[in-house]
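Visitor: I am new to this structure and would like to learn how to read its features one at a time. Could you show it to me first?

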Amino acid sequence: MADPLADGQAAVLRGDYTTALQLLQPVAEQGDIKAQNELGLMYVQGLGVVKNETTALEWFRKAADRGYAAAQYNLGLMYLQGRSMPKDAPQAYFWFRFAILHATDSQIREIAEPYLAQAAVAMTPAQIAEAQRKAAAWTPALARIEESSISREIGLCISRNS
């Protein structure tokens, strides 16, 4: 039997969003963090679904809470940009900081650092210290997750909907 996650991701790449949704939704609902992040990207961009940033936020949150750095980065973007909520620099900082601290892929760290700095500009030193403390102490539901094909999974929140 084929791999629904890989097949769903391939369907996204070729623009077959109906197939992607059919393949990814059940896998995401069963708890696959990569599928959850992928659905978040589909909802934030309106790819094969009605654009819904609140639903995107929910999918990103599920994967981020379980330690997936790409979803943590995407969640940070949602908070930084105020997508489906008021802008929240401390929350954005937390998620970017956590992604940087715990990412297994250097690309996450490299692209998150400028956004971490951007969030810090809107914060007091006490807020920064508190967010750093929380990020250092927070443990996801899963141990660090091996990231692969990360470049496609990150940053799409900004690139297509700015």
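Visitor: What percentage of the residues of the chain count as buried?

Guide: Before the answer, please note that this is a predicted model, in which local features need pLDDT of at least 70 and side-chain atom pairs count only at pLDDT 80 or more, while totals for chains, interfaces and linings use all residues. Residues are numbered from 1 along each chain as its sequence is written, and side-chain values use heavy atoms, with hydrogens and water left out. A residue is called buried under 20% relative accessible area, exposed over 50%, and partly exposed in between, using a 1.4 Å probe and protein chains only. Of the 162 residues of the chain, 48% are buried in this sense.

Visitor: How many helices and strands does the chain have?

Guide: Both are DSSP runs numbered from the N terminus, helices being H or I with at least four residues and strands being E with at least two. Here the chain has 10 helices and zero strands.

Visitor: Which residues is G40 in contact with, leaving aside its neighbours within four places in sequence?

Guide: Contact means that heavy atoms lie within 4.5 Å. With those neighbours set aside, G40 touches A56, W59 and F60. G40 belongs to helix 3 (residues 33–45), and because its relative accessible area is 0%, G40 counts as buried. Although G40 and W59 are 19 residues apart in sequence, their C-alpha atoms are 5.0 Å apart in space.

Visitor: What sits over the ring of W59?

Guide: A charge is said to sit over a ring if NZ of Lys or CZ of Arg is within 6 Å of the ring centre and within 35 degrees of the ring normal. In this model the charged end of K62 takes that place, 4.5 Å from the centre of the W59 ring.

Visitor: How many aromatic pairs are counted?

Guide: Rings of Phe, Tyr and Trp (its six-membered ring) pair if their centres lie within 6.5 Å, and planes under 30 degrees apart count as stacked, over 60 as edge-to-face and the rest as tilted. The count by this rule is five aromatic pairs. One of them joins F94 and W95 edge-to-face, at 4.9 Å centre to centre with 80° between the planes, and both F94 and W95 are buried. Another is the stacked pair of F96 and Y115, at 5.8 Å and 25°, which links distant parts of the chain, since F96 lies in helix 6 (residues 89–102) and Y115 in helix 7 (residues 106–121).

Visitor: Which residues form one aromatic cluster?

Guide: The cluster is made up of Y73, F96 and Y115, and F96 counts as buried because its relative accessibility is 0%.
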